[in-house]
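I opened my notebook to look through a new structure, one step at a time. Here is what I looked up.

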Amino acid sequence: MEARAIRMKLVKAVCHRCLVGLRVLCRRRSLLIGTSILVVVSLCTVLAPIISKYDPLAINFRDQLQAPSVRHFFGTDNYGRDIFSRVVYGARVSLVVGATTMLFTGFLGFVLGSLAGYHSVLDNIIMRSMDMLMALPAILLAIAIMAILGPSALNAVIALSIVYLPRTARIVRGSTLAVREQGFVEAARAVGAKDGWIIWRHILPNCLAPLMVQQTVVFAYAVLTEAALSFLGVGAPPPVPSWGNILSEARELIRIAPWASIFPGAAIILTVVALNLIGDGLRDQLDPYLKGRMSSWDGG
Amino acid sequence: MAAYLVRRLLWALLILFMLSIFAFVMVRLIPGDPVVLLLGLEASEESLVAARESLGLDRPLVLAYGDWLAGIARGDLGVSIFQRKAVWQLLWAKIPVTFTLATAGLLLALLIGIPAGIAAALKYDSWFDTTVMFGSTLGLSMPSFWLGLVLIFTFSVRFRWFPSGGYVSLTEDFVEGVRRLCLPAFSIGIIQAALIARMTRSSMLEILWKDYIRTARAKGLQERIVLLKHALRNALIPIVTTVGMVYGVLLGGAIIIETVFTIPGTGRLLITAVCTRDYPIIQGVILLFGLTYAVMNLLVDVLYVSINPTITYS
């Protein structure tokens, strides 16, 4: 009986949270638009085999360089491959690489940032290493790392995680430094709480707002940089389509088949705009003080 | 101030030193033997050993790093494995190209971004403000290489206003040089213009509400003077701090855009070096970009003080 009551309470709490989330979503226009676009793009990637009737890898020389039409929504490339299918399937690589990079940098950035902020001994070592990584343009660092690891989607995740780690670690460190001096942390320390517990129980919840905002930015950056890496030929290798390598192949066709470049690019822009809007909306919602003060695009 | 700058200089040197270790160790981890690439798969074991010895690739990592560092101190970045030329010589030929492109991008970004940001702040919450903000969100979400392709299609293929690629030095033929620079510089500049417009807008908005602006208006100053002398000067401070960073991003953008517009700059040199495992060039490019970042940030610190003399460093 008691277990059932607890379960009911839990369900009620979850429903309440969902309702609050929905209400926030509806109140913040940018959050609503951004989330809607991202949901549609994600659904397209999941339902790719249903919504696209062509195999993205199927070569068909009879349909070479067809302009957009009812048969081929986005036209075809020089191998007669349907660009709509390639864009929809290509979203899988781009979104998975972006989302995984976001999770990796979020986790590692939190660990390194909180350690640097909490332990002054580790601070110098960690932050100077981060400074060193930030002294290079993101794309240069990513190319250099990809040169070591070799071109693949997984290696792109590793390279992008290293590239965007310093930005996340910096933000977590900043929040940790602010929280560390608060009375409740001192109280926890006074009653003998271990460092790990304090970081988990007190530092993490207080870092979560800026961390979430930063990670949507990392997601957006990762999508853009992965496309750039694939475009340069050091990202996810063909024939598996990714937005970057579709654009790379379409580069030679820009004079005769501009649609082969325009649509994959538009897909990248749409996704990144959505992530950008989510970032802006989250920032306004989670920390109104930050609104307008912190640019979500602090370089890369 | 001087003590602060010395401290910053030492800091920059430390970062560069760490970067040199990183560049050296990382580049040696790249799989594939450059000597095999150089001599081909059919090369005999003896010739491979001899080539490794002559290029110094057989030396232990620490000793090789020591040699490399000593070389850098003498201004020698090593010799390219494939092109058989001094890395410094190769970089020297490509640096002006990439830096001209990045500088043109920065100028465009500032020329478009700052006025757009100021106008948006002055017309806060109007259709103009919304348009600038939407435009900047769009600009920030755009891959520069895609924009480059669209510009080539529109202005080179359709209207034939600009050439679709190549590079002509500005000292050789200024007009042709500028014509060839327009599209690539716009491709990378407009994205940073979006960032600068956003920052200028928010910085201006914050300052326009300050008491001293109200006082300046109350004492009957012309609006132009209030905006330019009182508001903009203070609003520029956070923007100046980002110029160093923006320049770094533009250099990165130049690496990609050089490929789109077939510009023979550092980016193309780097991509070729990565494909051929030409270690010394990769190391040289990494150090060069790191050095640029450090110098730009030092310059920003100096510029900071000249814009706002109330800032003191202790």
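**Entry: chain A as a whole.** I noted at the start that this is a predicted model. I looked up the secondary structure of chain A and found 11 helices and 0 strands. Read from the N terminus, the elements run α-α-α-α-α-α-α-α-α-α-α. I then looked up the box that the C-alpha atoms of chain A fill, and along the principal axes it is roughly 75 × 55 × 40 Å. Of the 300 residues in chain A, 49% count as buried. For contacts between residues at least 6 apart in sequence, I found that 70% join residues at least 24 apart.

**Entry: A:Leu115.** I found A:Leu115 in helix H4 of chain A, which covers residues 83–118. Is A:Leu115 buried or exposed? It has 20 C-beta neighbours inside 10 Å, so I wrote it down as buried. Beyond the residues within four places in sequence, A:Leu115 is in contact with A:Leu122 and A:Ile126. I also checked A:Ile51, 64 residues away along the chain, and its C-alpha atom is 47 Å from that of A:Leu115.

**Entry: two helices of chain B.** How do H5 (residues 87–122) and H12 (residues 279–307) of chain B pack? I found an angle of about 55° between them, with their axes 10 Å apart. H5(B) and H12(B) are therefore oblique to each other, and their crossing is right-handed. On the H5(B) side, the contact is made by B:Val87, B:Leu90 and B:Leu91. H12(B) brings B:Pro280, B:Ile281, B:Gly284 and B:Leu288. I sorted these contact residues into 6 nonpolar, 1 polar and no charged.

Key:
Residues numbered from 1 in each chain as written. Chains lettered and ligands numbered in written order. Predicted model: local features only at pLDDT ≥ 70, side-chain atom pairs only at ≥ 80, totals over all residues. Axes fitted to C-alpha atoms, helices over the stretch in contact; angles between N-to-C directions. Helix = DSSP H or I, 4+ residues; strand = E, 2+ residues; numbered from the N terminus. Parallel < 35°, antiparallel > 145°, perpendicular 65-115°, else oblique. Left-handed = near helix turned anticlockwise from the far one by under 90°. Contact = placed C-beta atoms within 7 Å. Nonpolar A, V, L, I, M, F, W, Y, C, P; charged D, E, K, R; others polar. Buried ≥ 20, exposed ≤ 12 C-beta atoms within 10 Å, placed from the backbone.
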